[in-house]
Each structure stands twice: as C-alpha cells, then as structure tokens.
Amino acid sequence: MAFRRRSTSGSKPQLKEKVVQIYESFFKGEDVSKDNDNFWDEFFLLKPKVSYIETEIEKLSIEQLIALQDNIRLLFIKCITIFECQHQLRIIFSLKTLTCLVSSLYKRFRINPTFEFISILVIPKDTDMVFENLLGKCNIMLCESECVVVKDLCLQFLLTIVTGTDNLNENPSLRHLMTNSVFESLTEVLSNNIYQTYHGYDSILLLTLLMNVETAKKTNPYVVKLSLLDKEDTLNGYSQIIRWSLEEICQQYRSEEIAQYSNNTWFNTFTSVVSNILFVPETIEEHNIELPQEIRSMSGILIALYEAVHYNRNFMTTLTHCHTSNNYESHPSVMQQTQSVTNNPDLKSPSDSQFSNLLVTFFQYCSIVMQDTKTEVNANNSMLCFVILSSITDDQFANSLMHDVNLQFKVDLYRSPTRRYMFVPEKSPKPLAAALLDLMIEFMLGHMMKKLPLDQYMKCISIIHRIICYQKRNSVRLCYNWKDLWSSLITLLKFLMTYEHQLSQDMNIYDLGIQIVNIFNLFITYGDMLLPSPSSYDELYYEIIRMHTVFDNIYVLSSRNSSSVNEHKLSATKLSNCLINIRAIINHYIPKIDNWLEKNSVTTPVGEEILEVVRNNYDTLTLKLLLDCLGSFESNKSNHDLSSSSLIKLMVSKVVKDTRQSLKHSNTDLQQILQNFSLYTNPT
C-alpha cells in the first residue's frame, strides 16, 4: 500500500486506497492489468470511488481523452464482460463503474456536442455489436437476476444513457435502445408483485422516456408494443405504480394540510368564514397557493399515465381495478417513509380503502395540482391532467365504467384553503362520473382571475361536454345535482362578461363562451334523455330564467362584437347564434311570470311558484333544433393530439433533466447499498 505525502504538521501519512492507485495508473495511460491474469476479477471486488473517476474525466481535455481511449475502451468492455459472472458484488461494482464512466462522458458531450464520446468507449466498427451485447446483458439482469440491487443499478445505468442529453432525439446512444428493445424486460418487472415494488417507478420512467424518442421510421417500437400490450398482470402493475406515486403526493399534501390547519388561529378561521359569506364570484384576485416541490415534480408519472391511456385501450380496464397492497407496505424505503404517518391517526396510509383504484387517486391528485396554475411547471402538470381526463372521457368503455352505478366510490377532493366559493360536493360514495363533474366545478370556480388559464378552461368545459354527450348517446341518467353545474357555468359566463375588456386583449373568450352555452343547449335539447327526473328539467329552465340578465348581457356583448371589425368577430357571431334557444326561453317565460305575479299580487315569488309557471307553459314554447350549435369534440381530435404532443415534448425535456439530477444524487448511496446488501438479495 502506497502512502500520500506527509502533511506539514508532521502527522501520520494518509493511506491511499488501492482502487485509487489503480485509477491513477489508469488515467496516466498505463496498462493496469499487465502481468496479472486475475486483475479484473480482483479489481471488481474493490469498491469503486465514483467521485474520483468523475473528477479525473472532468479535468482531461478532449485530446487527452482521445489519447486515453484504449484504456477507457478496455474498462468499458471489462465492465460488460463481468456481467457474465455469478458473483453479485462484482456485478454491482461493475454497474456502478460503468454508470459513472458513461455519465461523465455524457457530461462532456453536453458541454461540447461535437465530442464523439461513443468512439471513446467503443471501437467504431464494433459499436453495434458491443451495444447489442450490453443491452442483452441488461435484459438478463432485469429478467433473471434475483438480486434487487443488481436490477436497481441496471435501471439506473439505462436511465443514465437515456437522460444523457437534454433532448432525447440528440442522444446518439438511443438508436441502440430502439433496435435492441428492453420493453419486454421492463414489463416483466411490472408483472412481478415483488419487483414492481422495488423497481416499478424507474421501470415506468425509463419506458416513458423511450416512448418519446423520435425514430427515423417515425414509428417508435416502444409505443407500438405498448399499444398492443394486453397482459393483465402487466397493465395492473403499470397502474399500481402510478397509483402508489400519486398516493404519496396525496398523503404528503394531507399531512401538510393538517399541520397548517392545526397552526391556524381563531382569526384565520374567522377571516375564512367572512370571506365565504362575502364571496363575489367575479373576483379577479389571484390565490396565493404554494404547492410542495414533490407535487410539482410528478411530470414523469403523469406522462406515463398519458401514454398508457392514449395508446393502450386495454389500460382502461385497470382504471377502476381495485388493487391489493401487493407488498407495498413491506418495501424498506416505504416503511421508513410512512413510519411517521402511521403514528398520526389523522393521516391515512396507502393501503387505506379510500385509495381504492387509480381513477379515484388520480382525481384526488388532480384536485391538488389544479389549485395552482401560476408557474410554468404547475400549469403544465395541470394541463396534462386535463389532457389525460380528455382521453379518458373520449373512451366509450372508460365512460361506461365511470357511469356504472355499481361502481361507487368516495372521492375526497382536496380544496384550496383560500377558496371563496360555496360549492360543497356530497361526501357520500358516487359514480366516478359524478366525482369528475365535482372536480371540474371546483376548477371552474377556483380560477377566475386576471391571468385566466384559458386553455385549461377550454379543456375543463370539453370534458364536461364529453360526459354529457356520452349520456345522451347511451340514454344514461346520472344521479347528480345538476344545479351545481348549471350555476357554476353561469357564474363563469358572468365573469367572462364582466371582465371582457381586460380578458379579450390577451385571449379569445368567445370560444369558451360558445362551449359553455352549448352545454346548456345539450340539456335544453336532450334533457329528457339525460336528466334523472322531469323536475330536473324544470330546474334547468328555472336557472336560465333566474339568471337571465347574464345571458342577456352575453348576447348584447357578442352581438356588438360580431357587428364590428375585430379579431374575434367570427367567434362572437357564433356565440350570438348559440344563444337563440336560451333567449327564446327567456323571452317566452319572463312575460308570463310577470303576468302571473301581477295577477296574484305577488312581489317576491318563491321558487316553487316560478317552477309551476314553467311547467304550465311548455306547450307554447317554440325552440329550434340547433345541431350546428351543439358542438362536436370528435372533429377537434387532430388539434387535440397536436397540442398534447407539444405539451408532452416540453415536459419530457424537464423530466430528463430532473431524472439526471436524481441519478447524480444516487451515486452517493453505494455504502448504504452495501450495508443493506443482504436485505435486498433474494427477496421472498
């Protein structure tokens, strides 16, 4: 064992680790294995010092790295060769060394994209063969190895390759992952109840990133394979991992919500009550909400859910599948994370019955992430949630599940502590379609502000539209308090009308108005096929009549803008035309109600009296069948896909950077891995 130089204080010399001595010789270009046939077997029994490798590669110039390429190629090949041995510790150390080596070279490549780092790792003519061999060994480790640590490090290595560049399509290594697929290995992990617990998140994240790589043939093999996947245990495992990830966020938010509530003073409570009493719907004050960092960093899981819902129709069957715990609570990291939770009776564990399926958990997560749309990351996550919900409500089978009266769940939607609106959904179990409508109403009422998130509002209203169209096509009568929806839509219309001058300078609010009015047109035209009872149809007319000034003002506003030269003229004209039946109802009933009030000498009628006038005058009401005004979301599918694709590309780049950062931190956990080596080996 060699010694470092003595310190000036005269203290004992510091011991230099054997592996560091080897590294020093290696980076000097010396043949480290000369005259020792067992060198590599012995080398991979030494714990790698990844920080030293990273530092040395960072110090070398590109010219020096090229001069050192023979040693680097030898190390790269030996790391791959050692995978064939049966000694788990050697495989672990070789994976850590390989990951560090590749990660360090990728770092240089990100700084200088002209640096052909792959030729430093492999002789160019052997590149395809070496990568085929390497990825074949990775498939074996993911499928056959019983050591959890080996699988974990193998996934980290593959994620290091995939996240090497900010733009997936500029990553020169990914063409090898396109031709040498790891799809079957990743889905095999997801099919195993034990391995999905340890490796499920990384497997889904890796699969998600690979599905977003553009290929020369324009057909990504991972997307094709996912679209054809029909193995129930794999799809359930995929769903389970997403559900666990979303549950952790819901638990954390619940924990912070309880902590915040417990710190409230009587004054906070008093001001909250006063705010509710004095609520003015058209306020444009922005809510001051700060969501935890973990909630904002769920983009990878959301993209994974989007890919499954968008490409695999079989995945819809898992949305309402009631999962069992599947050893989730026995995962060592989960036990540590949830220890404090189980000691708090106010918090619920992941196995609690409230998290009965993926869709319930996803609705709860949406209610959290949709609270804050001010920052770009939050707005993107919230928008992607809307895109996912749009895809779900686009699917006939998913809609049938959500409307099934035999599938009723209690969905506790989280609400902003600063909310100033009075909508309170029922807490009892209900069909999931009803819970989704509650979620959409929560969003509608909670984001009427100066910087109106118009795109999200458009998605929100289109989701409601899809639900109602499904009910109309299938004559489904959802037992729901439709009055909450109608009053929320009218409140939104009132807001748009009141702040039209400010809002129309930045956006086309008339398109949103058209969507809102078309929902009323659907109820007016097909209410007898949708609403649970004739009295519900009466209440629809009552709400329109009661809030007739809103519709009158919207008509005046749209008519004025349709007759003047402006960029929103066409949309304003369409909105004006959509209001024809609503105006017919108002013009028909208002005089009759006035006559009834005068005849009966009533100045302040009660609701039942107005409803009686409505019931007695249906026969003389004339309405038009406005097929063009009922709207059709199917015709917008291409635009929907195009906008979704742009959003996904934007978010994938952020996921790549976040994942790379998390992998950087994972390089420091080797000592912990060794300490728990026996725990993670041969799980039962």
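## Helix α23

What span should the 21 residues of helix α23 have at 1.5 Å a residue, and how far apart are its end C-alpha atoms? In this predicted model, helix α23 covers residues 454-474 and should span 30 Å. Its end C-alpha atoms are 30 Å apart, so the expectation and the model agree.

Is helix α23 largely enclosed or largely open? Of its 21 residues, 16 are buried, so the rest of the structure largely encloses α23.

## How α24 meets α28

Let's turn to a pair of helices. Two packed helices are described by the distance between their axes and the angle between them. Helix α24 takes in residues 482-498 and helix α28 residues 548-562; their axes come within 10 Å and cross at roughly 40°. That angle makes α24 oblique to α28. The crossing of α24 past α28 is left-handed.

Which residues make the contact? From α24 come Ile490, Leu493, Lys494 and Met497, while α28 brings Val550, Phe551, Asn553, Ile554 and Leu557. Sorted by type, the residues of this contact are seven nonpolar, one polar and one charged.

## The protein as a whole

Stepping back, the secondary structure of the protein comes to 34 helices and two strands. The protein has 684 residues, and 54% of them count as buried.

Key:
Residues numbered from 1 in each chain as written. Predicted model: local features only at pLDDT ≥ 70, side-chain atom pairs only at ≥ 80, totals over all residues. Heavy atoms only, no water. Helix = DSSP H or I, 4+ residues; strand = E, 2+ residues; numbered from the N terminus. Expected span 1.5 Å × (residues − 1). Buried < 20%, exposed > 50% of the residue type's maximum accessible area, 1.4 Å probe, protein only. Axes fitted to C-alpha atoms, helices over the stretch in contact; angles between N-to-C directions. Parallel < 35°, antiparallel > 145°, perpendicular 65-115°, else oblique. Left-handed = near helix turned anticlockwise from the far one by under 90°. Contact = heavy atoms within 4.5 Å. Nonpolar A, V, L, I, M, F, W, Y, C, P; charged D, E, K, R; others polar.
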